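Here is a short report on one protein structure. Look at the sequence and the model first, then read on.

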Amino acid sequence: MILEGNHYSCYDGYIVTIENVGSELGGIAIGPNQANQIFTVTITDPKSDNSCWSILVVEDNIPPMIECSCPSGSSEVSPECEINCLDAMSILAGNVPSELQPVATDACGQPTMEILNITSELDNCEGGNIVITWIATDGSGNTATCDQSFVIVPLSLDDLAFPVAYEGECGESTSPTVTGYPSVNGMEIGEQTCNLFTAYWDKPITDCGGGSKIVRTWTVVDWCSQVVEEGTQVIKLYDNEGPELTCPADIEVGTDFWYCYANVSIPKPEAFDACGSGYTLALSSDQGVVASFNGNYTISELPLGETTVTWTATDD
């Protein structure tokens, strides 16, 4: 490749030196690390010590190899090439499972791979197909493409699972986005997903304490086969938290005219209970005498100085 003409002895007898690569008798191999670079090559006759040199440009002009599973145009459809509508929706969003992605190789390094185009035809009852065009690009910009085709099949109620019982705290949302939707093959289905429609109705049940319980009845309809499935889910919200209190601001009072202490009417705090339970208030003080009448509280015989009072709310 470097020497011209045919008036040489055995080529294996010459020393080939590639700048910054190495030197070998009879030739030296060039690998992927030398692609798209320019080198000075020297050929030396070890017998006479005569040499010549030339410039070597290493180019990678060979595209990578890419192999698609489920190749488009195949006469037979294997099981892994059949996907349900939920998988199809995920693929249309560009999320192709790793086990379905093509394999690309290149002699000069690992090529990058990306989706070039996705086309689809979908009928909720008749199914459809998706064709994905992949492109592999090596480090030199050479590209190769392949198409893979998936057959879309409608969702089946055979793989339907209703949400499990849910436990939470009062005040939490009971929306299915929190408590769960029915699922097919582990993927939740909303009010309409492909050929399946879902609806629910709730029956509240009085529970002891301030908690609440809901029996939720789910109905799932396969629009294609007109098959209907029903299931129940129990939602329990516990009352494990006490009421929240917002205390009045600190107050400043003077003593009675004839005594060196004060008798004070104490303003009540605002109380909120997430479960809507009733509650009772109690007042305590580190000084004075606490008294209550008709839900109003006073503290008598308060001495001079600072006094701390504490409100306690207990729900039912």
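Which residues lie nearest the centre of the largest pocket?

## The largest pocket

D250, I251, E252, T307 and T308 lie nearest the centre. The lining has 23 residues in total. A pocket is an open set of points on a 1 Å grid over the protein atoms alone, with protein on both sides within 12 Å along at least five of seven lines; lining residues have an atom within 4 Å of a point. The volume is about 640 Å³, counted as the space filled by probe spheres set on the points.

By class, the lining has 15 nonpolar, five polar and three charged residues. Asp, Glu, Lys and Arg count as charged; Ala, Val, Leu, Ile, Met, Phe, Trp, Tyr, Cys and Pro count as nonpolar; the others, Gly among them, are polar. Strand 20 gives the largest share of the lining, three residues. Strand 20 and strand 25 (309-315) each supply at least two.

Strands are DSSP runs (E, at least two residues), numbered from the N terminus. Two of them pair if DSSP finds at least two bridges between them.

Strand 23 and strand 24 (residues 296-302) run antiparallel, joined by five bridges. F293 has N296 of strand 24 as its bridge partner.

## About the model

This is a predicted model: local features need pLDDT of at least 70, side-chain atom pairs count only at pLDDT 80 or more, and totals for chains, interfaces and linings use all residues. Residues are numbered from 1 along each chain as its sequence is written, and side-chain values use heavy atoms, leaving out hydrogens and water.

Key: Helices (H or I, at least four residues) and strands (E, at least two) are DSSP runs, numbered from the N terminus. On a 1 Å grid over the protein atoms alone, a cavity is a set of points where a 1.4 Å probe fits but cannot get out, and a pocket is an open set with protein on both sides within 12 Å along at least five of seven lines; lining residues have an atom within 4 Å of a point.
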